[in-house]
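Hi,

Here is the structure I promised to pass on. Have a look first, and then read on for what turned up in it.

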Amino acid sequence: MIVTFVSQCEKKSLKRTRRILDAFANRIGNNVWQTAITEDGLKTVKQLLRKSATKSTAVSCHRNKTRQLTELVWIVGNKRKFNEVGVVPVNRTKRNIMHSEWENDWTYASSIQIIATIAALLHDIGKSTKGFQNKLLIGSKQGDSYRHEWISLKLFELIIKDCSTDTAWLERMMQVNDWLRNNDVEKLLPNSNQDTVDIQAMPPLAQWVAWLIVTHHRLPPADKVFYSPTAIQRAQLLNTREKKLYKQDLQQFYGRRALPIIASEMPSLRNHDPLAKPTGIERFKWQNQAFKMTYGLADTTREHGFFGVNMASTGAGKTIGNARIMYALADPKKGARFTIALGLRILTLQTGLSFRKNLKLAGDQLAILVGGSANKKLFELAYDNKTNAITDIIGEYRQDDESETFGSESSEDLLDEIIDSDIDYQDYEALNLDTVIASPKARDLIFSPIVTCTVDHIIQASECKRGGKYIAPMLRLLSSDLILDEPDDFDQADLPALARLVHLAGLFGTRVLLSSATLTPDLVTGLFEAYMEGRKLFNQSQNKPTPKVVCAWFDEQPKAMLSEQCSDIKDFQSAHEQFCEQRATYLSRQPVRRKADILTFKSQYTKDKAAQFYSELAQTLVDAAVDLHDKHHETDLQNDKGNKNIRASIGLIRIANINNINSIAMQLFNADGVNIPKDTIIHVACYHAKQLLLLRNSLESKLDRILDRSKSSVSIFDRTEVQKAINDNPATNHIFMVLATPVAEVGRDHDYDWAIVEPSSMRSIIQLAGRVWRHRPDKVADTSNMLLLQYNLRYFKYPNAKRPIFTHPGFETTQFKPPSYDLAQIMPQAQLAQVDARARIQAPKHTKIDTLSDLEHSVMRHLLNNPKLNYVNAYWDSKATANRTYTYLQQISPFRAGTPQDDWLLIPRMVHDDEDTDIPISGFDVYHSEDVFEKGLAKSSTQNKTIYPLSFDFEHPRVQPWLTTSLNEALQDIQVAQPDKSLRSLAMTYSSVSLDRIQSSNSKGWAFHEFFGFVRQ
């Protein structure tokens, strides 16, 4: 490409810039350079300029777009030296240093500033007690029986006592020294009611200040305000890791009017051709129409908001399509900012990689929240192994020079996660936000134009109950649009929290896009209501008219795309129903790709005859797998086994519960556990979450490679693991069987030949169907390629239906139950004949539960589209406004509550204690992760009675373990990529697992086997 550099540098910066640019380009004027250069060369120039940049630096880069046009590529340094397209000004006017244009719509910005400043000044006066001051002098970490903010609130109550108006208490505060001289606080405070404050009796502004004082660290409810020293010590033991980082300066935050700046002046993505240019790929062309339609709606969305629904099919390019839609909505002069919130960490990394690669997004344009460094490194290594390329998707995060601080939750870090970002903050010094957002990790999250993260990170904006963890995600939500990817993948227990997040997005003026092919009508409608009620408050605060929210629907049919302005739920439901009817008609006309039958299985389960039950189940699954293999195998015509044609297939058996998977697998491997036809070998892999991080990653990276069937020229027989298994076990038929939990349904780009499913929900069945022939769109199902077990296995263990059966995953509750647990009775033949999303996207007209899909629609309707007040809509309903200021709803419906987990490390035993010469031998020692991280391995105690080895013999001659890797082998493989690390230190990083906390229900602990993973005893 041909590029032109223009320098507007001053002082010493001019000489430094000239030296750099003279080395790469021809100087064609005093401060202008031009050259032909590669992408990598241009990146190098930018990096060198940024390293030497000062406040006097200002360099723009333009490239020739066509013969007649150039476009701005980037600016390094002072962006005020150029306009939005890189033009240098020839005349100047005085700059408005008050930036009133940032505050035009922020009617209440001054009020927020004043009230917050007063509350900030008063919040810490409770620290003036002798006890707290002594604690600071001796450096004690001991908590206080009465928290300092409670004492501050009591003092504020005493000072303004008898003030019946806001004017009265404000005047008293102005003369507070006189009041203190006439009133002995040390006598008044003990004589007051120490455990209650009547905030409601205060004047309105005083109520606001009082609430901010007492809720700075945590929101109510609190069962009491006094805690005994014993209770404090117990609580501190549970929170020993909540120690550090940057103190939040409220006066700086509100004094500088940062909210309007953050809402409108953050770095953005502009003039980015990969998002703006039409695609020529046939199956992605719907994106062009989506971009065109959305671009026409952009101006209206700034006044009324935007709520979009993308229901394009799997493989149609939703991820890139979503980015193009949000880019089209952005003001071309200001640029795009959006956050992609996903359900799984692996999806976050995959999406980040896709954006970096396909959309050519650099480190200063895209930030990726990756969890921990171990997950990040393993993902990179897996990708390198798959593509034979060296990838640094996520740069090593710099360690901050931070000292530990104690005594206030305000000192905690705003964000715990490692972030990949390459933002140059010098470019944005004019915004004066360095003290407002002091944490580098928080700045990375807030400043980056595009962010990919899990919903867990952004949802802290509405769910955080204490500390400052909500600040960074809240500011991100305030300053960018939001894409929620696969929101229906969450358990129904998590959906109330998701609705609160969407409501907050509307309240902040954010535009929202939902993306999933299986969204139920009531879920979409409920989230729209949450958004609309939030948007009403935003428009009211900004002096805008009552919103008529711009709603848009997208899928791979360009002519079916729809947009409407909706002012109430009725309008939205009507338009959504119209779109879903068109989509259902389209799906019904598609060739049948997944066809299912019911797999009959009946047995009796008792604890004393569990082995017999699992043996019968294993035989049923083997017989079914053999039948599916006969119908859907590949044949290797070029093998070296004489005249025999080797037949192979890879199938998925999805079982809901991990213990059931291991019990089935153990029966398969027993010498007389199952009968298998002659000349047939079954190769079994167990895939679930209860496995060491390193071993699970090793298995997933192999499956990712083997199950990539996107290239017709590559056969499964070309995969090393398949070749070796066939060569080591001579037979005609080779059935490769992956026994997996629901981890196989979402987040893995796998293509299986067939599948057998334990039924739990219609959503789960449809999601798993998307993994059958995923990469082979031309295949048509003439015979069934899916089998659905007649009953969920919980039915045999709880036959009297006292407990919900279709659960984890599933939608059954004690209130909503199916008419039968026999799938043959509750899944219509039409849904079996063509397994697709129609059962999810269209709700029945009746409210009676006749089918499995009816059960899901009933639960969604009751939860999210309920005309009566419930614990979901109470968050925004006008009759329950207090719920926004309390955490009661967050307490009763927390996001991803789950079972309490403990983190463990399994460290292989070594021949030597010297890390430079250690050699692994058999066996391992178990440690609490927290102990090792705090004390070091040498000073930590082993926990070998909690987790211990599982001994098992693989006896069946025709059932072989597949894709096995020992822990020692996996560590040695990692050491090849990280030769500077010892095996023991690598184990401390990668040989980790999170397991359900040991309680009375599982007091025997866990057994571990490298093939089966962790088995609850």
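Cysteine 551 has a relative accessibility of 0%, so it falls in the buried class. Keep in mind throughout that this is a predicted model.

While we are on cysteines: how many disulfides are there? The count is zero. Cysteine 551 is in no disulfide, and the nearest cysteine sulfur, that of cysteine 566, sits 3.8 Å away. The cut-off for a disulfide is a pair of cysteine sulfur atoms within 2.5 Å. Cysteine 163 is another buried one, with 9% relative accessibility.

Now the overall picture. The chain has 1017 residues, and 54% of them count as buried. Its secondary structure comes to 38 helices and 28 strands. Take the contacts between residues at least 6 apart in sequence: 76% of them join residues at least 24 apart. The accessible surface of the chain is about 46,300 Å², with 49% of that belonging to carbon and sulfur atoms.

On to the rings. The structure holds 32 aromatic pairs. One of them is formed by phenylalanine 307 and phenylalanine 572, an edge-to-face pair with 5.7 Å centre to centre and 75 degrees between the planes.

Phenylalanine 806 and tyrosine 821 make a tilted pair, 5.6 Å centre to centre with 45 degrees between the planes. Both phenylalanine 806 and tyrosine 821 are in the loop between H30 and H31, 15 residues apart. Phenylalanine 806 counts as buried at 0% relative accessibility, and tyrosine 821 does as well, at 10%. Ring pairs also link these two into a cluster with Phe601, Tyr605, Phe613, Tyr614, Tyr791, Tyr795 and Phe796.

The peptide bond from histidine 808 to proline 809 is cis, with omega near -5 degrees. Proline 809 lies in the loop between helix H30 (794-797) and helix H31 (823-826).

Glutamate 486 is not a glycine, yet has a positive phi of about 55 degrees. You will find glutamate 486 in the loop between strand S11 (481-485) and helix H22 (495-507). Asparagine 543 also has a positive phi, near 60 degrees, again in a residue other than glycine. Asparagine 543 is in the loop between helix H23 (521-541) and strand S13 (549-554). Which of the classes does each fall in, buried or exposed? Glutamate 486 is buried, because its relative accessibility is 17%. Asparagine 543 is exposed, with 62% relative accessibility.

Next, arginine 776, in the loop between helix H29 (762-769) and strand S21 (786-789). What does arginine 776 touch, leaving out residues up to four places away in sequence? The list is Arg593, Glu634, Arg709, Asp751, Tyr752 and Asp753. Arg593 is 183 residues from arginine 776 along the chain, and their C-alpha atoms are separated by 9.7 Å. Arginine 776 has 15% relative accessibility, so it counts as buried.

Last, something on the outside. Leu170, Leu205, Trp208 and Leu212 form a nonpolar patch on the surface, and together they have about 290 Å² of accessible area. Where does the largest share of the patch come from? Helix H9 (residues 204-214) supplies it, with three residues. Tryptophan 208 lies in helix H9. With a relative accessible area of 37%, tryptophan 208 is partly exposed.

That's the tour.

Cheers

Conventions
Residues are numbered from 1 along each chain as its sequence is written. This is a predicted model: local features need pLDDT of at least 70, side-chain atom pairs count only at pLDDT 80 or more; totals for chains, interfaces and linings use all residues. Side-chain values use heavy atoms; hydrogens and water are left out. Patches are made of residues with over 30% relative accessible area and no salt bridge: like charges are joined within 9 Å, nonpolar side chains (Val, Leu, Ile, Met, Phe, Trp, Tyr) within 5 Å. Accessible areas come from the Shrake-Rupley method with a 1.4 Å probe; for residues, only the protein chains shown count as cover. A salt bridge is a side-chain nitrogen of Lys or Arg within 4 Å of a carboxyl oxygen of Asp or Glu. Helices (H or I, at least four residues) and strands (E, at least two) are DSSP runs, numbered from the N terminus. Buried means under 20% relative accessible area, exposed over 50%, partly exposed in between (1.4 Å probe, protein chains only). Contact means heavy atoms within 4.5 Å. Rings of Phe, Tyr and Trp (its six-membered ring) pair if their centres lie within 6.5 Å; planes under 30 degrees apart count as stacked, over 60 as edge-to-face and the rest as tilted.
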